[in-house]
Amino acid sequence: MIAEPRASNAMFASGGWNPFTEILHCLVPTQSGEIFAADQGNLVLSDAQRRTVYALSTPPGKGGIAVVRVSGPDVLEVWKSMVKTREDKNKGKGTGPIPWKMHRCRVVQPGRDDTLDDGLAVFFRAPNSFTTEDVLELHIHSGRAIISSVLAALSRLPYCRPAGPGEFTRRAFEGGRLDLTQVEGIKDLIDAETEGQRRIALEAAGGSIRNQFEDLRSEIIRCLALVEALIDFGEGEDIEDGVYEQARERAQRLLHTIQSHLQDNRRGELIRSGIRLSIFGPPNAGRREAAIVTAIPGTTRDILELSLDIGGIPVIVADTAGLRKTSDVVERIGIERAKKAVQGSHISLCVLSLPEVLVETPQGPRIEFPQSVKSLITPDTFFLLNKSDLIPSSIIQDAIHDLAHRTAWSASLTTFQRTSEFLSGFTRALQTKFEFHDHSTSQTPLITRARHRVHLESAARFLQAFLQTAPQDVVLGAEELRYAAQAVGKVSGIIDVEDVLDAVFRDFCIGK
């Protein structure tokens, strides 16, 4: 058994052996300011200690360029270990990169001069980078072997670790570069598939949504300042009369503004996530290209879904089974699913076979809806009268006139007669209903996510509570205004919102 050395206070005072000095001699600072043991051969740094992260920021696969992003306090060490430029040969080692300049370089294995690729590198000096930290971007050829070798080389550096989903953007948020609405906007911009989604996401990423929420919050704080002044000083020679009424008038205007945003028919959320459209009708009223269909009623029993860009609006189309009375068990299941799909959609398109629904009456030709579809028709239902090539044009016009209080078109999906008119008319109807137009002057909705709506609804309730507070309860009224300001602040993350951060960032891709 080895005896541990013991030391007395006299030994410390006389300059003898000091265990604390011995320990300090074994510790060295890193570029990031962390203190680690000098002999790290048997030590593995934790993720908390490895603050420099890396990831592939472009889609994986074959292509012209791949971008590997590195961010953190040890970025310059990564540069020295893996980036060899022409300037290094001319000026010698240790000169460091020129910030915000593309450098032609060789990307090499750390500790060796084995070339992994010939590419470009750019260094962004903190805080003038996306993450507000030092950032290095390696622009290399997008081949699977090259990307793998560069990422593997980075993994061998003891102070680096792979980035988590959305970690670069989260660091930008934590560094004050972005607020939560801008973070969400960046995510939506990456995922945007239609013009409407791109437009809303670009507004959010650019800070327009943040500014609107901040204006609301600032106005609530102004109301709160008036009430707080009244609490501190009271109405008299120091405070003018009618301060409480001024605060109430401001709060009333704010409440009206917030309620107008809340009464937007969820336009922003629908455009961001997609409008659900169900196509329904009797059997064989239309045509489905993606399913097995025959002239025999009841052949199609499933629901087919696909996403379409209709006039810049994302539309998730559900084509359902033909609706009719049947004793077939499997077909009945398909019909029940079809009804639930129609009832759960935002809008619906009822496709009818014109020869089958057109009836002659003493007043002229009229459209008679089949019993199987009547219960599913709502004010949000559009109509397409198919097989118009089998009916004279004059009769068709009279039939559509009979549906004057509804939006309807006639076409032939077999001969494509008038299908272009139907598609353009349907596009305009959607744009009108959801207040989306091709020109850029249309107002971008403020609320694009459910959490925005929840916090604004909370703010509205607190403002209403303030307006209902009697003047003698001014202290309680101030508290309601404070809660309203906090509710709006939670949207942009101005106050502590740690509970929502993980939900915001977890769906990001790794390199963002």
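A: Let's start with Arg 266, which has a relative accessible area of 46% and so counts as partly exposed, since that class runs between 20% and 50%. This is a predicted model, so read every value here as computed from predicted coordinates. Arg 266 sits in the loop between helix 10 and helix 11 (267-273). Its backbone is worth a look too: phi is positive, about 55°, although Arg 266 is not a glycine.

There's another residue of that kind in the chain. Trp 100 also has a positive phi, near 60°, and is not a glycine either. You'll find Trp 100 in the loop between helix 4 (86-91) and strand 6 (103-108). With a relative accessible area of 46%, Trp 100 is partly exposed.

Back to helix 10, which covers residues 243-262. Its axis comes within 9 Å of the axis of helix 17 (residues 450-467), and the two cross at roughly 150°. That angle is over 145°, so helix 10 runs roughly antiparallel to helix 17. The crossing of helix 10 and helix 17 is left-handed. On the helix 10 side, the contact includes Tyr 244, Ala 247, Ala 251, Leu 254, Leu 255 and Ile 258. From helix 17, the residues taking part include Leu 456, Ala 459, Ala 460, Leu 463 and Phe 466. Sorted by type, the residues of this contact come to 13 nonpolar, 4 polar and 3 charged. Among those making the contact are Arg 248 of helix 10, and Arg 453 and Glu 457 of helix 17.

Helix 7 has 12 residues and reaches 17 Å from its first C-alpha to its last, close to the 16 Å expected. Of those 12 residues, 9 are buried, so helix 7 is largely enclosed by the rest of the structure. The buried ones include Leu 180, Thr 181, Glu 184, Lys 187 and Asp 188.

Ser 492 and Thr 181 are 311 residues apart in sequence, yet 5.4 Å apart in space, C-alpha to C-alpha. Ser 492 counts as buried because its relative accessibility is 4%.

Definitions and conventions
Residues numbered from 1 in each chain as written. Predicted model: local features only at pLDDT ≥ 70, side-chain atom pairs only at ≥ 80, totals over all residues. Heavy atoms only, no water. Axes fitted to C-alpha atoms, helices over the stretch in contact; angles between N-to-C directions. Helix = DSSP H or I, 4+ residues; strand = E, 2+ residues; numbered from the N terminus. Parallel < 35°, antiparallel > 145°, perpendicular 65-115°, else oblique. Left-handed = near helix turned anticlockwise from the far one by under 90°. Contact = heavy atoms within 4.5 Å. Nonpolar A, V, L, I, M, F, W, Y, C, P; charged D, E, K, R; others polar. Expected span 1.5 Å × (residues − 1). Buried < 20%, exposed > 50% of the residue type's maximum accessible area, 1.4 Å probe, protein only.
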